[in-house]
Amino acid sequence: MKRERFLQLSALVWLTAVWILLWGNLSIANVVGGAAVGVLIMVLMPLPGVPVQGRVHVLSLLRLAWKFVYYSLESSLQIAWLAVRPGPPPVTGVLRYQLGIKSDLVLTLFIDVVNLIPGTMVLEIDQVRRIVYVHVLDMGSAKAVGQFYRTVAQLERLFIAAFERDSEWKPSAWHFGDEQYEDPTQKGTT
């Protein structure tokens, strides 16, 4: 219960801060008004609960953040070179990658990070089979394709290390679709 209250309070503080930033003036009236609007939003339009499995590992999360920054800079330089180099435009295409990420929340975060890396864009996600189809800007050589697969595999390993280590991850009932989840309390009853 404490965690739920903390999350609600955090959301209220965030909504209040956004209200203050929108008005551009820190005053008592804006703080009170922002809190009131935040409470109204939280009561009238509550968000559904998001299943969270596992724990967050801070050191792994920092490594993930560092790798993301590194890949973003590297990719930005590659795109800049592709834009100014003489010659024909780069060969583009769609590549498929099989993921080992289990949680839908972590999958969503992973897809967001891949989309933020310049030169890549996730086009389709097969949620059941955990396959993503990614448009890649430069597929002109086997080296470029291999670099894409190494980058995505490294990001995937870092996401798993940061959020869903096998020793700590237990799926919630929400992890499975209705047709896949069998309630253990109802096992054997018809």
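This is a predicted model: local features need pLDDT of at least 70, side-chain atom pairs count only at pLDDT 80 or more; totals for chains, interfaces and linings use all residues.
Helix α1 covers residues 2-23, 22 residues in total. Its first and last C-alpha atoms lie 32 Å apart, close to the 32 Å expected at 1.5 Å a residue. Three residues of α1 are buried: Leu12, Thr16 and Ile20. Viewed down the axis of α1, the buried residues fall within an arc of 75°, so they line one face of the helix. These buried residues pack against α2. The other side of α1 carries exposed residues, namely Arg3, Trp14, Leu21 and Leu22. Just after α1 comes glycine 24, with a positive phi of about 75°.

Helix α2 spans residues 28-44 and includes valine 39. The relative accessibility of valine 39 is 40%, so this residue counts as partly exposed. Valine 39 also belongs to a nonpolar surface patch, together with Leu40, Val43, Leu44 and Met45. The accessible area of the patch is about 530 Å².

Helix α4 runs from residue 104 to residue 116. Its 13 residues should span 18 Å at 1.5 Å a residue, and its end C-alpha atoms are 18 Å apart, which agrees. The buried residues of α4 are Val106, Leu107, Phe110, Ile111, Val113 and Val114. Down the axis of α4, they fall within an arc of 160°, so the buried residues line one face of this helix. Their cover includes two helices, α3 (58-84) and α5 (142-163). It also includes the strands β2 (120-126) and β3 (131-136).

Note on methods. Residues are numbered from 1 along each chain as its sequence is written. Side-chain values use heavy atoms; hydrogens and water are left out. Patches are made of residues with over 30% relative accessible area and no salt bridge: like charges are joined within 9 Å, nonpolar side chains (Val, Leu, Ile, Met, Phe, Trp, Tyr) within 5 Å. Accessible areas come from the Shrake-Rupley method with a 1.4 Å probe; for residues, only the protein chains shown count as cover. A salt bridge is a side-chain nitrogen of Lys or Arg within 4 Å of a carboxyl oxygen of Asp or Glu. Helices (H or I, at least four residues) and strands (E, at least two) are DSSP runs, numbered from the N terminus. Buried means under 20% relative accessible area, exposed over 50%, partly exposed in between (1.4 Å probe, protein chains only). The expected span of a helix is 1.5 Å times one less than its number of residues. The arc is that of the directions from the helix axis to the C-beta atoms. Contact means heavy atoms within 4.5 Å.
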